[in-house]
Structures are given as structure tokens and as C-alpha cells.
Amino acid sequence: ASVRTPVHMSTPDPRRAILAILLASLLYAGMGACVKALAGEVPLAQVVLGRNLFALPVLLPLLLRQGSGALRMRAPALHAQRLMWGFIGMATAFHGYAHLPLATVTALGFTMPLMLALLAVPLLGERMERARLLCAVLGFGGVLLMVRPDGGGAMAPSLVVLAGAFAWAMAMITIR
């Protein structure tokens, strides 16, 4: 079964892409602030459920436009694996929002691309030059400097968020 490409595809407009990234960043920051505001008031599981239920009305028109073929899967087990990793990533990020400053969760989230690059070597057979490896190691060092794991009460939530960044990286690996 082949993937159906929409007929209306045209040359990408960089301005639209930039606006979409800015909007996504704004919405992501707003979501983090909302999760932080709900911390302690609403159980984490309900917040995760609410976020996913909120996404349904947004995705439904896209699904209706694409038709039922958009739901056909060539590798259901990989979809289930990607779903699991994505859920873990979301739940751990939400845990971080509840227990850490937003800036710390964001900084820890920036480790995901570093983990993705490192995981792509053994899991996807990609090659990494020494310079890229050095950049990844320095990037992790920079994150540690920002977080300053000094043994205070923030170490456990920081590790949970780092585990979530690993889960997001695994979700991206699964997609590839």
C-alpha cells in the first residue's frame, strides 16, 4: 500500500513555515504554563488525558479531509511503540512542569536532539564524526551547567524530565 500524496501540494513557503514554528512554540509554552498552573490542583493523569482530548477536535478535520486511508498502517507494532514513547515523553514533561521551573524543563528538553543524534548511531546505523560527538557531549555539559544538579530537591524531577527527553528521542527513532 502506498502513501497517498495530496494533489494540492506546492512549493513550501518559508514564511508559512516560520509562522507555523512560531505559533507551535507559543502554543507549547502556553501548554507548559497551563500544566504548571494545574499542578497540585488536578492529578497528572487527568492533565495528560485532557491534553490528548483537546487534540482530538484539532485533528478530526484533518482526518476527515484525508479520508480513512490516512489511518492505514504498514507497521502497527512500530506505531504502538511510537505511541508508547510519545506518551512517556509527554507524561514526564508534564511531571517536570509540575515540579520544576519552566525554564529548567525547557533546557532539559533541549537534550532530546542530542540523545537522538547519539541513539541514531547504534539503532539506525548512522555514522557520527568526532566533531558531532564532541558537540553532543558539550551540549550535555551545558545542560548540566544550566540545571546545576546540586543535590537539592530538583534532582529527581530533573532525571524524570531527562528520561522523557530520552523517550521523545526514541519516538523520533521509531518514526525513522
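The accessible surface of the protein chain comes to about 12,400 Å² in this predicted model, and 71% of that surface belongs to carbon and sulfur atoms. The chain has 176 residues, of which 22% count as buried. Along its principal axes, the C-alpha trace spans about 55 × 45 × 35 Å.

Followed along the sequence, the pattern reads α-α-α-α-α-α-α. Contacts between residues at least 6 apart in sequence give a view of how the chain folds back on itself, and 82% of these contacts join residues at least 24 apart.

One example of helix packing involves H4 and H6. In general, two packed helices are described by the angle between their axes and the distance between the axes. Helix H4 covers residues 102–109, and its axis comes within 10 Å of the axis of H6. The two axes cross at roughly 170 degrees. Angles over 145 degrees count as roughly antiparallel, and H4 and H6 are therefore described in that way. On the H4 side, the contact is made by Thr-104, Ala-107 and Leu-108; on the H6 side, Val-143, Met-146 and Val-147 take part.

Ala-169 is in helix H7. Is this residue buried or exposed? With a relative accessible area of 0%, Ala-169 is buried, because the cut-off for buried is under 20%. Leaving aside neighbours within four places in sequence, Ala-169 is in contact with Met-112, Met-115, Leu-116 and Leu-119. Ala-120 lies 49 residues from Ala-169 along the chain, yet the C-alpha atoms of these two residues are separated by 9.3 Å.

Phe-54, found in helix H2 (residues 44–66), has 66% relative accessibility and so counts as exposed, the cut-off being over 50%. Phe-54 also belongs to a nonpolar patch on the surface, together with Val-58, Leu-59 and Leu-62. These four residues have about 430 Å² of accessible area together.

Charged side chains come next. Side chains of opposite charge can pair when their charged atoms come close. How many salt bridges does a search of the whole structure find? The search finds two.

In one of them, Arg-15 pairs with Asp-13, and the closest N and O atoms are 3.3 Å apart. Arg-15 is exposed, with a relative accessible area of 60%, whereas Asp-13 is partly exposed at 27%.

The other salt bridge brings together the side chains of Arg-176 and Glu-126, with an N to O distance of 2.4 Å. This pair links distant parts of the chain, as the two residues are 50 residues apart. Arg-176 sits in the segment after helix H7 (155–175), while Glu-126 sits in the loop between helix H5 (112–124) and helix H6 (130–147). Arg-176 counts as exposed at 64% relative accessibility, and Glu-126 is partly exposed, with a relative accessible area of 27%.

Terms used. Residues are numbered from 1 along each chain as its sequence is written. This is a predicted model: local features need pLDDT of at least 70, side-chain atom pairs count only at pLDDT 80 or more; totals for chains, interfaces and linings use all residues. Side-chain values use heavy atoms; hydrogens and water are left out. Patches are made of residues with over 30% relative accessible area and no salt bridge: like charges are joined within 9 Å, nonpolar side chains (Val, Leu, Ile, Met, Phe, Trp, Tyr) within 5 Å. Accessible areas come from the Shrake-Rupley method with a 1.4 Å probe; for residues, only the protein chains shown count as cover. Helices (H or I, at least four residues) and strands (E, at least two) are DSSP runs, numbered from the N terminus. Buried means under 20% relative accessible area, exposed over 50%, partly exposed in between (1.4 Å probe, protein chains only). Axes are lines fitted to C-alpha atoms, for helices over the stretch in contact, and angles run from 0 to 180 degrees between N-to-C directions. Angles under 35 degrees count as roughly parallel, over 145 as roughly antiparallel, 65 to 115 as roughly perpendicular and the rest as oblique. Contact means heavy atoms within 4.5 Å.
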